[in-house]
Amino acid sequence: MEEFHKVRRLPPYVFEQVNRLKASARASGADIIDLGMGNPDLPTPQSIVDKLCDVVRDPRTHRYSSSRGIPGLRRAQANYYARRFGVKLDPERQIVATLGSKEGFANMAQAITAPGDVVLCPNPTYPIHAFGFIMSGGVIRSMQVEPDEGFIPALERAIRHSIPKPLALILNYPSNPTAHVATLDFFKDVVAFARKHELILLSDLAYAEIYFDDNPPPSVLQVPGAMDVTVEFTSMSKTFSMPGWRMGFAVGNERLIAALTRVKSYLDYGAFTPIQVAATAALNSDGAEVEEVRSIYHRRRDVLVDAFARAGWQVPAPAATMFAWAPIPEPFRELGSLEFSKLLVEKADVAVSPGIGFGEHGDDFVRIALVENEHRIRQAARNIKRFLASADAKPDNVVALNARR
């Protein structure tokens, strides 16, 4: 039978090929050090778990919840934005709770996209940024990721050469997968451009609190006038080590938030009420748990950069996120990121994410997640050092793999 229309628009899931190889290796007894999926290994802070347990004992909380998010949760998110960014939000009209930022992004695409609408999207980027709009009938025009002096000229070219005129621009800083961080001055230029050309800005700020070297990332909503054109998405997954809880937010422009809220009202009843109450407590906390999470990722980053360099693989130190965006070592670059990632599983017992899974411009890189402890990261580096030494001695192994592509 012919595949359905929307399914045909989705390419094969690149990461699944590495996942299958990883599962097969583990089934054969290999100890795979998994630095691939961005799935936090740190436990949710006990205070948040305790709050969930307290609330779940009340049977009244077992009923349908609120799709928009319970009022206390939306007020807590507004207070967080006021403390962290100095941004004032109306909990009733400018905030909606989402089932993680991924669901929020996908449903915003459903809410605002007409068939054929052009959306400007960074490449490489987190897949939902592009495929949320593709599944909604939109068309993606790729943009550079680097928030530098070339960004606005690239936007001008995109506006000039896109028919119809682009509907929206996606921002993702700190970036997944590249870990690029934008400045407030950069956001000022982008907001001015968006207001001039009537572009919607959709900002993914999932890694707002995972930053290093005392350099907290800004919110685009700090820019005067940004609220006229912007919705920003945040998540509790990484900040509070709550990935499986599926709790996030969309905040910003009232008209866009209303559109998202209306779509969501047809699709879900919101997160389980005890989860929303526990998330409220987390947002209202003193931030000590967040600081500890940040410190752990900081130490892991430093260990990874140092240990991999000693192994012969120079990995740039990310300024934020829980990822390193690592250029494939030169002898293996012609393989592409998928085959190189497979090779690491087969020969080094280390799993990473192939850059091609984040877009065609990511194929010279792999994404390394800081989701193993420092001991395991050092072990991964030792495995890679042996693999690189062996590959230098036996380059025919690489050629054989490349021939199978």
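A residue counts as buried when its relative accessible area is under 20%, as exposed over 50%, and as partly exposed in between (1.4 Å probe, protein chains only). S337 has 0% relative accessibility, so it is buried.

This is a predicted model, in which local features need pLDDT of at least 70, side-chain atom pairs count only at pLDDT 80 or more, and totals for chains, interfaces and linings use all residues. Numbering runs from 1 along each chain as its sequence is written, and side-chain values use heavy atoms, with hydrogens and water left out.

S337 sits in helix α12, residues 337-348. The side chain of S337 makes a polar contact with the side chain of D363 at 2.7 Å; such a contact is a pair of N or O atoms within 3.5 Å, one able to donate a hydrogen and the other to accept it, and residues adjacent in sequence count only if both atoms are side-chain atoms. A polar atom of the S337 side chain also lies 3.2 Å from the backbone nitrogen of G355. Beyond four places in sequence, S337 has contacts (heavy atoms within 4.5 Å) that include I328, P354, I356 and F365.

The whole structure holds 2 cavities of 30 Å³ or more. A cavity is a set of points on a 1 Å grid over the protein atoms alone where a 1.4 Å probe fits but cannot get out; lining residues have an atom within 4 Å of a point. The largest cavity has about 110 Å³ of space. Its lining has 13 residues, with Y80, T234, S235, T239 and L283 nearest the centre. The second largest cavity has about 60 Å³. P122, V145, I170, N172 and Y173 are the closest to its centre.

Terms used: Helix = DSSP H or I, 4+ residues; strand = E, 2+ residues; numbered from the N terminus. 1 Å grid on protein atoms, 1.4 Å probe; cavity = no way out; pocket = protein on both sides within 12 Å on 5 of 7 lines; lining within 4 Å. Points joined across faces, edges and corners; volume = space filled by probe spheres on them.
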